Amino acid sequence: MKKTALLMLCAQFGLMAEAGALPVNNSGYQGNAGYGAPAAGADSAIFEVLGRLEQLQLEVQQLRGMVEEQSQTIADLERKQSNMYSDLDDRIQLLSAPAQPAGTAPVTGADAAQTASPA
C-alpha cells in the first residue's frame, strides 16, 4: 500500500516536472518532439528516487538493529555492574561486622598462654 501511494506521488511529481519542462506554443499544443525525452528522464528520475528510498529504508533498518544490539549490551552491562556492586557491598559488610559478640575482648597470644598455665 505504501509503495503504491509513493509510486503515485512520484509519478505525479514526475508528470508535473515533465509538464513544466515541455515547450508550449501559443496555440497550447505541445509538440511530440519535446515530449519523448522528458518522459524518459522523468521515469529514470522516479526510479532513481525509489531506489534511493529503498536504500535509505534498508540503512534505517540496519541502524535500528545496531541500536537494539547496543541497548541490549548496555542493559547486560548495567546488570553485571549491579551484581558486582552488590557482591562488593556484601564483602565490605562481612569485613566490617564484628567477629565476636559485643563486650568480649579478642583473645591474643599472651592471654592464651596465661589461661593455659596456672599461676
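This is a predicted model: local features need pLDDT of at least 70, side-chain atom pairs count only at pLDDT 80 or more; totals for chains, interfaces and linings use all residues.
Colleague: Which residue forms a salt bridge with Asp 76?

Modeller: The general idea is that side chains of opposite charge can pair when their charged atoms come close. Here the partner of Asp 76 is Arg 79, and the closest N and O atoms of the two are 2.2 Å apart. Arg 79 is itself partly exposed, with a relative accessible area of 48%.

Colleague: Where do Arg 79 and Asp 76 sit along the helix?

Modeller: Both belong to helix H2, which runs over residues 36–96, and because they are three residues apart in that helix, about one helical turn separates them.

Colleague: How many salt bridges does a search of the whole structure find?

Modeller: The search finds two, and the other pair to look at joins the side chains of Asp 87 and Arg 91, with a distance of 3.2 Å from N to O. These residues are four residues apart in helix H2, so they too are separated by about one helical turn. Asp 87 counts as partly exposed at 38% relative accessibility, whereas Arg 91, at 52%, counts as exposed.

Colleague: What secondary structure does the protein have as a whole?

Modeller: The protein has three helices and zero strands, so that, read along the sequence, its pattern is α-α-α. Buried residues make up 6% of the 119 residues, and the accessible surface comes to about 10,400 Å², with 62% of that area belonging to carbon and sulfur atoms.

Colleague: Which residues does the "coiled-coil region" annotation cover?

Modeller: According to the UniProt record, which is an unreviewed entry, the annotation covers residues 53–80. In the model that span is 100% helix and 0% strand, and its end C-alpha atoms lie 40 Å apart.

Key
Residues are numbered from 1 along each chain as its sequence is written. Side-chain values use heavy atoms; hydrogens and water are left out. Helices (H or I, at least four residues) and strands (E, at least two) are DSSP runs, numbered from the N terminus. Buried means under 20% relative accessible area, exposed over 50%, partly exposed in between (1.4 Å probe, protein chains only). Accessible areas come from the Shrake-Rupley method with a 1.4 Å probe; for residues, only the protein chains shown count as cover. A salt bridge is a side-chain nitrogen of Lys or Arg within 4 Å of a carboxyl oxygen of Asp or Glu. UniProt positions are given in the numbering used here, feature names are shortened, and annotations may be inferred rather than shown by experiment.
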